[in-house]
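Take a look at the model below.

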Protein chains: 2
Amino acid sequence: MKNIKLINSIIDIFKKYGLSKNHAKICADALINAEIVGAKSHGISRLKMYCERIKKKLINPKPKIKFKKISESITLIDANNSIGFVAADIGIKKAISSAKRTGISIVGIKNSGHFGLSGYYVEQAVKNNLIALCFTNAPPAVAPYGAKKSLFGTNPLCFGAPTGSKAPFILDTSMSLINRGKIRVAAMTGKSIPKYVALDKHGRPTTDPNRALEGVQLPISGFKGSGLAWMVDILSGVFTGSNHGGKVKDPFDNFTGPQNIGHLFIVFKTNLFVGNFNKRIKENIKRVKKLPKIKGVSEILYPGQNKYRRYKKNMNKKIIIPSQILKDLKNL
Amino acid sequence: MKNIKLINSIIDIFKKYGLSKNHAKICADALINAEIVGAKSHGISRLKMYCERIKKKLINPKPKIKFKKISESITLIDANNSIGFVAADIGIKKAISSAKRTGISIVGIKNSGHFGLSGYYVEQAVKNNLIALCFTNAPPAVAPYGAKKSLFGTNPLCFGAPTGSKAPFILDTSMSLINRGKIRVAAMTGKSIPKYVALDKHGRPTTDPNRALEGVQLPISGFKGSGLAWMVDILSGVFTGSNHGGKVKDPFDNFTGPQNIGHLFIVFKTNLFVGNFNKRIKENIKRVKKLPKIKGVSEILYPGQNKYRRYKKNMNKKIIIPSQILKDLKNL
């Protein structure tokens, strides 16, 4: 394991900021995983922000996380403003054990914060041979269809299923044409963003990441993507008792209170209705992969496959950290 | 009720084709509802197709529908090649009663057929103050991202929730840029379809509905929409034991066997985690509606709101049927 030193220093930083060793490790693992799968926007570049929020008492480093058992299948978790990684990790583990026992589980989490990549938690369920859906809301970034001000977060919907092979099917898709994290990384590294994915604060298309951050991101496919983002806000925010309707605070620039993000996991066994799910999905994927391809495409990939390949490629490589972030790391 | 004569003649037609009075009524109600909400592509224009499939013994007019109770929350329904309306109607009613008892239910349906509008069933759950998700697959129409041949259906995802007002939140969104039914109606009425939503069989953009039907529909937002359509195929097809991976037969032009479509309902109570869901969602919708609007937009609508308005407007009006379809009706 090439990055053991890096992991340990992240653990040490979180411990210095008051987290227990166990919670610090959960956070470090999630950040390192994001780096390894190539989602740098959700990786170490966020560490400084988390520490700042802890310092300002907006993230509780020693949360008293409460479980409210509604039934064997249904649990509400009050994360007590814990860091999102810890809340989501505890939540998915509860959802997994519940689903294993009863066939299907639903776990709502309130008073949480940004938890990184949805796929990271869904993958845990899939490794237990379960199917999982995960919904989480996020600070305003996307304009509802017809509005010129943002209100929805990028609000990812994540779905995972075993594939009968090592690379799981993990669809982790935000409802915006571009991930907000990617805009942030572009801003930090001085790069531009693609055309027609965002507007500036005057409603004009822009490729400048800083102007896009002040402005509005566009939803995928107009009314449809706007509706999907709204659905995610209802399921993760309205339904769980968390902030919703544009009230989730931006972790980077709103220090007036905790985020109170909501998450929802729905997890179930693959064999509820068929005995040979893994064989069936293998056949399904095979049929798609056999289709004639458009020019320039050598292989049709299923969601999650590329990420898994990056994981395999990078897991034994040293993570490269930009100098600015390395400096931040030393200061923390 | 202006359309009682029309309903009765549809019931009579289905009875003539062997359906029980009860099943015939379920079908007639669903078709009439599609007409009233303005989804003519899913209305009476399809009646001839259903009758043809019954005549060719591809739809079973007297199905022996079997329930396999997995737990209080989990049921598998084998629809025995019933007409989709009946299978879905029985399925959602089972999901509703289960969710009311246990908090959450999951109902899989196999050996079913095209069931019309997903929103029609989800609405039944919402009227019972429940939240519902519905997934169903469909015959090949959409090309997976990277492929030049269609394999996924338009594969709608439908989500519904109460709003604390009469018009429910019903997001019923196919994963294609245009509904296949709309292309069919355009073909029947000699109209053209919008640009860049479909390709002809040679992979060229087309606005000719007949060429689009021979060709390929495009998914919303490229890889994201393709992934969402794939998710729906896994949940409704692979997971329930139904046809999947491009094997669902087109009801209009493939008479080599039953469709064996799969449906999946996940239904749960609004008050699992909060006591005031309706008040919370009302506040959520209010916040979105208050946003500044883009030029030309006078009101921001939530999914389902427009459909509800059409329903209110049309429910006491006589349904207008194109002469060709009226002729078909008389022949049946």
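**Two helices, then two chains**

In chain A, the axes of helix α4 (residues 84–102) and helix α5 (residues 118–127) come within 10 Å and cross at roughly 25°. Axes here are lines fitted to C-alpha atoms, for helices over the stretch in contact, with angles from 0 to 180 degrees between N-to-C directions. Angles under 35 degrees count as roughly parallel, so α4(A) and α5(A) are roughly parallel to each other. Ala88(A), Ile92(A), Ala95(A) and Ile96(A) of α4(A) make the contact with Tyr121(A), Gln124(A) and Ala125(A) of α5(A). Two residues are in contact if their C-beta atoms, placed from the backbone, lie within 7 Å. By class, this contact has six nonpolar residues, one polar and no charged.

This is a predicted model: local features need pLDDT of at least 70, side-chain atom pairs count only at pLDDT 80 or more, and totals for chains, interfaces and linings use all residues. Residues are numbered from 1 along each chain as its sequence is written, while chains are lettered from A and ligands numbered from 1 in the order written.

Now bring in chain B.

Where do the chains touch? 58 residues of chain A are in contact with 58 residues of chain B. α8(A) gives the most to this side of chain A, with nine residues.

Notes
Helix = DSSP H or I, 4+ residues; strand = E, 2+ residues; numbered from the N terminus. Parallel < 35°, antiparallel > 145°, perpendicular 65-115°, else oblique. Nonpolar A, V, L, I, M, F, W, Y, C, P; charged D, E, K, R; others polar.
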